[in-house]
Amino acid sequence: MDLDYISPAEKKRKKINFIVVTIFIFLAVFTFVISMNTGYIRLTPVEVFQTLFGNGTAKQELILYNIRLPRIIIGFLVGAALAVSGCILQGVTRNPLADPGILGINAGAGLVVMLFVAYMPTQNFNTIILLPVFSCLGAIFTATIIYVLSYKKETGFSPKKLLLTGIAIASGISAVTIILTLRLTPEQYQFVAVWMAGGIWGASWKFVLALLPFLLILIPLAWRKSHALNILNLGDPLAIGLGATIKKDRFVLLAVAVLLAGSAVSISGGIGFVGLIAPHLVRRLVGPKHQTLLPVTAVVGGFLVLAADTIGRWIIQPSEIPAGIVVAVIGAPYFLYLLSRTKVSS
């Protein structure tokens, strides 16, 4: 028997996967180009390309290199991080409705970010580098509470209890956040309002450098653990039967998901539903194997946030709609649709 034999069905699946990846990469690049032309001060495509090749004016270089490009890159990175985080959470917990925003992880990270920004000089580069670290600590603390309250030693995770616990924790943290905003200055309150709406507020190269190391380490680590994620998705009894070290693998994968969400939230604000929509969409197109699902989900998530931010900057110029609101317009109805069609066991 030829061990290298690839069935026609597998060949067809790989071809479909290649087409899907190519389409979404094209869409992301197309949106990237459109976003460079979108803003209060319009730059034509010709002016953008002239500026990229060093033939633009000082004003055009300032707009493109110091304002738009870092914001575009941050939008894509944030979307990729949130999407991969949601994909991991759905696989580990076997809960199709799992998402770092819905489960309250984003809220915990956001509370720490609000306190950090309110009392620290965020324009200092050393302080900016620490911002994702503190955000991750808030995310870890929140995730630990949710894990403890929703996990039973005898039966493992309860998908329904996990969802309800996350929603309750998120509501409680949001209430605390609102109470704390009463003591903020008008400038600090304006930041918190933008953050809670999901605005990409950290639009500078300093924030790109603060966020990028997390993604360069955590997303490849998640992909390396994709085989373990496939096994965990089958349930604990079968995973144990296949020889998986479920406690270790689950801990590592949950840590990766929480850190991805926490680092993204520190820069982007409370953008929800990306971790819910992107994995579901990609799973329908390329199948459930996480070796393919994770990288494609990252591309789709990046595209979603980048497109949402571009639409938000274009639709009511010169004002802006935060990317989180644009995503929520699509994500909230889709969440209700999934909720009506998903059987969540107790």
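Colleague: Let's start with Thr165. Which helix is it in?

Modeller: Thr165 sits in helix 6, which covers residues 159-181. Keep in mind that this is a predicted model.

Colleague: Is Thr165 buried or exposed?

Modeller: Buried. Its relative accessibility is 11%, and the cut-off for buried is under 20%, so Thr165 counts as buried.

Colleague: What does Thr165 touch, leaving aside neighbours within four places in sequence?

Modeller: With those neighbours left out, Thr165 has contacts with Ile146, Leu149 and Ser150.

Colleague: Okay, zooming out. How many helices and strands are there in the protein chain?

Modeller: The protein chain has 14 helices and two strands.

Colleague: How much of the chain counts as buried?

Modeller: 50% of the 346 residues. As for the accessible surface, the chain has about 17,000 Å² of it, and 70% of that belongs to carbon and sulfur atoms.

Colleague: What about charges: how many positive and negative side chains are there?

Modeller: There are 27 positive and 12 negative side chains, and the centres of the two sets are 7 Å apart.

Colleague: Switching to the inside. Which residues have the most contacts in the largest nonpolar core?

Modeller: Ile88 and Ile271, in a core of 86 residues. Helix 3 supplies the largest share of this core, with 12 residues. Apart from that core there is another one, of eight residues, including Met36, Leu43, Ile63 and Leu306.

Colleague: Tell me about Ile88, then. Where does it lie?

Modeller: Ile88 is in helix 3, residues 58-93. With 0% relative accessibility, Ile88 counts as buried.

Colleague: And which residues does Ile88 touch, not counting those up to four places away in sequence?

Modeller: On that basis Ile88 touches Ala222, Leu229, Leu253, Val256, Ala257 and Leu294. There's also Asn233: Ile88 and Asn233 are 145 residues apart in sequence, yet their C-alpha atoms are 9.8 Å apart in space.

Colleague: What share of the chain's contacts between residues at least 6 apart in sequence join residues at least 24 apart?

Modeller: In the protein chain, 77% of those contacts do.

Notes. Residues numbered from 1 in each chain as written. Predicted model: local features only at pLDDT ≥ 70, side-chain atom pairs only at ≥ 80, totals over all residues. Heavy atoms only, no water. Helix = DSSP H or I, 4+ residues; strand = E, 2+ residues; numbered from the N terminus. Buried < 20%, exposed > 50% of the residue type's maximum accessible area, 1.4 Å probe, protein only. Contact = heavy atoms within 4.5 Å. Areas by Shrake-Rupley, 256 points an atom, 1.4 Å probe, with all protein chains shown as cover. Lys, Arg positive; Asp, Glu negative; His and termini not counted. Charge placed at Lys NZ, Arg CZ, Asp CG, Glu CD. Core = buried A, V, L, I, M, F, W, Y, C linked by side-chain atoms within 4.5 Å.
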